[in-house]
Amino acid sequence: MERRSFLKKSAAVAGTAFTAGTVTAGQVQSSPKDVYELKIYQLTGSGGVNQLKKYYSEAVIPFLEKRGAKVGAFSEYSMQEPPKVYILHAHKSPEDYWTALQEMKTDPTFLKASKSYSDLPPSQPVFERYETLLMEAFASIPQMKMPSENRGLFELRIYESYNEDAFRRKVKMFDDEELPLFEKVGLHPVFFGELFAGSYMPALVYMLWFKDMAEREKNWAKFRDSDEWNTMRVKEEYADTVSKVRKIFLVPLDFSQV
């Protein structure tokens with residue numbers, strides 16, 4: 001059996017294994033779950049943003065859009081130098097992710113559109129390196145939610161757990177209790193994902209959107225002060241589920257679809 005054929009079939013099997021039911025109020029429904037690929041680029045300088053914009057606008061976004069995927073593009077709220085750019089690819093299934101990854105290597109339209117990016121010389125690197133995080137969507141929020149047009153601030157959170165059991169209990173806490181409260185108090189979800197490849201494991205990753213920092217502060221205060229949160233956070237089943245929280249504030253770039 002050829003290696004590519006074997007890997008593609010393996011991905012299809014993995015897609016079946018990853019895809020689970022949507023759990024809401026004790027009911028289980030069959031629903032495909034998104035796979036999220038988050039690329040974190042450490043750029044060599046501010047000019048790299050324009051190179052990535054050209055590459056994504058002319059090549060990656062048209063390619064993925066034909067395959068039902070969406071692309072989010074963000075810079076850090078702090079505007080540090082050299083900058084980091086966060087690129088989110090939201091695929092409809094593990095198999096769709098794998099198929100797109102392979103077709104990028106051979107699709108003639110994509111290769112032609114990305115030629116100017118691929119042909120950049122070693123003396124003009126766009127980035128130092130990039131890191132990739134792969135995630136499967138939560139059962140309770142199986143597809144990405146598009147933000148409102150007035151979104152101006154995104155908050156990316158990574159919750160690390162000290163072991164796999166603690167991680168599973170934290171995911172359950174979100175699925176069963178926290179996510180409905182998020183919606184109620186205005187912590188607007190974009191996605192929630194279980195990290196299955198990348199740094200920080202075991203961990204979950206999620207993204208929220210807000211109009212601005214003022215709305216973010218106001219709505220997180222509503223969450224912290226709510227009776228629901230102060231009841232659930234002391235439950236024994238959720239004890240010691242998060243050992244470290246990483247918070248990253250982002251703003252959308254002008255070529256972002258999210």
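Me: Rings of Phe, Tyr and Trp (for Trp, the six-membered ring) pair if their centres lie within 6.5 Å, with planes under 30 degrees apart called stacked, over 60 edge-to-face and the rest tilted. Which residues form one aromatic cluster here?

Reply: The cluster consists of Phe 138, Tyr 159, Phe 174, Phe 182, Phe 192, Tyr 206, Trp 220, Phe 223 and Trp 229. This is a predicted model, in which local features need pLDDT of at least 70 and side-chain atom pairs count only at pLDDT 80 or more, while totals for chains, interfaces and linings use all residues. Residues are numbered from 1 along each chain as its sequence is written, and side-chain values use heavy atoms, leaving out hydrogens and water.

Me: How many aromatic pairs are there in the whole structure?

Reply: The search finds 24. In one of them, Tyr 36 and Phe 191 have ring centres 4.7 Å apart and planes at 35°, so this pair is tilted. Tyr 36 belongs to strand β3 and Phe 191 to strand β8, so the pair ties together parts 155 residues apart in sequence. Strands (E, at least two residues) are DSSP runs numbered from the N terminus.

Me: Is Phe 191 buried or exposed?

Reply: Phe 191 is buried, at a relative accessible area of 0%. Buried means under 20% relative accessible area, exposed over 50% and partly exposed in between, with a 1.4 Å probe and protein chains only. Tyr 36 is likewise buried, at 0%.

Me: And what is the geometry of Phe 174 and Phe 182?

Reply: They pair edge-to-face, 5.7 Å centre to centre with 85° between the planes. Phe 174 is buried at 0% relative accessibility, and Phe 182 also has a value of 0%.

Me: Which charged end sits over the ring of Phe 174?

Reply: That of Lys 170, 4.8 Å from the ring centre. The criterion is NZ of Lys or CZ of Arg within 6 Å of the centre and within 35 degrees of the ring normal. Arg 67 is placed over the ring of Phe 63 at 3.7 Å from the centre.

Me: Changing topic: which residues have the most contacts inside the largest nonpolar core?

Reply: Leu 156 and Phe 191, in a core of 24 residues. Such a core is a set of buried Ala, Val, Leu, Ile, Met, Phe, Trp, Tyr and Cys residues joined through side-chain atoms within 4.5 Å.

Me: What does Phe 191 touch?

Reply: Leaving aside residues up to four places away in sequence, Phe 191 touches Tyr 36, Leu 88, Met 135, Leu 156, Val 205, Tyr 206 and Met 207. Contact means heavy atoms within 4.5 Å.

How values were computed: Helix = DSSP H or I, 4+ residues; strand = E, 2+ residues; numbered from the N terminus.
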